Amino acid sequence: MATVETQTRKAHVADAVHLPMEVNADEKYDDVKVDEKEIKEELDLYVPLKMDPNIPYEENPLTARAVIVGILLGALVNASNLYLGLKTGFTFSANIFGSIFGYGIVKLMSKHCHNWPILGGSFGPQENSIIQAAATGSGGIAGIFVAGIPAIYRLNAIEGTPQENFGPLITITLVCSFFGLFFVTPLRKFFIIRVARELKLLFPTPTAVALTIRSMHAGAAGAQEAISKLKALSLAFSAALIQRVASYYAIGILYDWHPFTWIHIWSKGTSWALNIESWGWYWEWTPAFIGSGILIGLNAAFSLFGGAILAWAIIGPVLVHYGECIGKQLYPEEPYWDSLYTFASLKNLGHEKPSPRYWLLWPGVLIMVATSIAELLVQYKVLIHAGKATWKAICGGLNDFKIKFTGKSSAYLEAQASKYADDPNMVADPARPEDQVPMWQWMLGLVASIVVAIIVFHYQWGMNPGLTILACLLGFLFSFLAIQIGAVTDQTPLTAASKASQLIFGAATSGKGYSITDAQRINLVAGGLASGAADHAPE
């Protein structure tokens, strides 16, 4: 990944100075003088990107139009993530989508509404970054609605319908969002400034977004490139929308392909073909699945496919063959279709032999829990770095406090704080002090969000304050894993983190007198709070 990012930035440098991509820093050209230091800084992944000097200065990039457009684009992605998450288990960030579509929308506003007080005005890369940040924030709150909340309703662990529980659903969303927002604020300085270079944190997608925004605002050529990207996104969006709508009127042609059912019909009743069909081996041509496969990459795609073959082509049929699991006939009264079964039933559990789906559920969960625990153990370096940085920062604060009230400095505290300040691996902070969030603001917000979380989870979800605080601590811990792993692999282990939190809360609530329903509800909402808060960390 580092090579890819370096080559990408190298290409931009080569374009900027009109040199071929394979140029080296020590090559000399008579007609072009290249600043060796400038090239090295440009190829350094941890140095902020340099923008075109001809771009006008943006005095106030945080505009109303940027926030509104970003929220609307994020809401669109959020709705898509709900569908994708419930269908595939994956959700995706809105940053690339927001940056490109935001560019196209606001560029049109600045061009055709230049005299309007809110919609008009110049448009630059910093405002474009605000758009993608707003889109990423508003598009990144679907996690709890594709895992914990649906599970609560499937288990009947809460009374009423989602419409009747609209208030509690809104409050749990707000708690997860604001709690994650406040405690992640100081983690920006830790991961991006303190340890990014030492831990080789590349942040692949954010880097790609930054390069995209810079290229789109690089004069006429950048504008043309942005239009091309916008056209490609619009074409893909339109094609997916048309295909999905048309598929409802052409099932079997544009949507579900059931080749084994076709074989059964063509051969006038071949039972082996229906047996394969019963295990779910058919193609569902959905643009969402195709897009998910493109985004998750080959490693994840092969893992999913391998798991499907292992479960539904080997383990499941063997369990049914030896009588450990059963399937249920879908059409027992119709001789032509009496070989069609379902092996995914979750009814009458405890009263009859389970289905393969129920049996396979537990090995799958065990694998995910084991993975989450392994992630915690493997990423010990992050926790060690966090502990060291926190300790040194505390020493600096205590030393300043001592100087203020006693006029004397502590040699030990000063030595510890100086180690923190003089770390050679630190990245220069591109944000001015006046542009950064003051400590008192995020600390006050963090305390307030924890207090609100305690109240909301106690009165609306039946969880005592101790368990709520434990969920907050787990959310803080999982955020370290989400940022570090996401910065390297571009995939955040929130599913594994959620399973780990559920395992911890299963032990915490065991033997405490909770009914099964109450224990299930507390387990799920606690896991939702921990993973939902950590979901905001990589953003």
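## A guided tour of the chain

Of the chain's 539 residues, 36% count as buried, meaning under 20% relative accessible area with a 1.4 Å probe and only protein chains considered. You are looking at a predicted model, where local features need pLDDT of at least 70, side-chain atom pairs count only at pLDDT 80 or more, and totals for chains, interfaces and linings use all residues. Residues are numbered from 1 along each chain as its sequence is written, and side-chain values use heavy atoms, leaving out hydrogens and water.

**Start with the whole chain.** Switch to a cartoon view and you will find 19 helices and four strands; these are DSSP runs, with helices being H or I of at least four residues and strands E of at least two, numbered from the N terminus.

**Next, select Ser110.** This residue sits in helix α4, which covers residues 95-112. Ser110 is buried, at 14% relative accessible area. Its side chain reaches the backbone oxygen of Lys107 at 2.9 Å, a polar contact (a pair of N or O atoms within 3.5 Å, where one must be able to donate a hydrogen and the other to accept it, and residues adjacent in sequence count only if both atoms are side-chain atoms). Now show what surrounds Ser110: beyond its neighbours within four places in sequence, it is in contact with Arg65, Leu119, Gly121 and Phe123, contact being heavy atoms within 4.5 Å.

**Then turn to the cysteines.** The count of disulfides is zero, where a disulfide is a pair of cysteine sulfur atoms within 2.5 Å. Select Cys176 with Cys472: the sulfur of Cys472 is the nearest cysteine sulfur to Cys176, 9.0 Å away. Cys176 is buried at 3% relative accessibility.

**Last stop, Cys325.** This residue is also buried, with a relative accessible area of 2%.

How values were computed. Buried means under 20% relative accessible area, exposed over 50%, partly exposed in between (1.4 Å probe, protein chains only).
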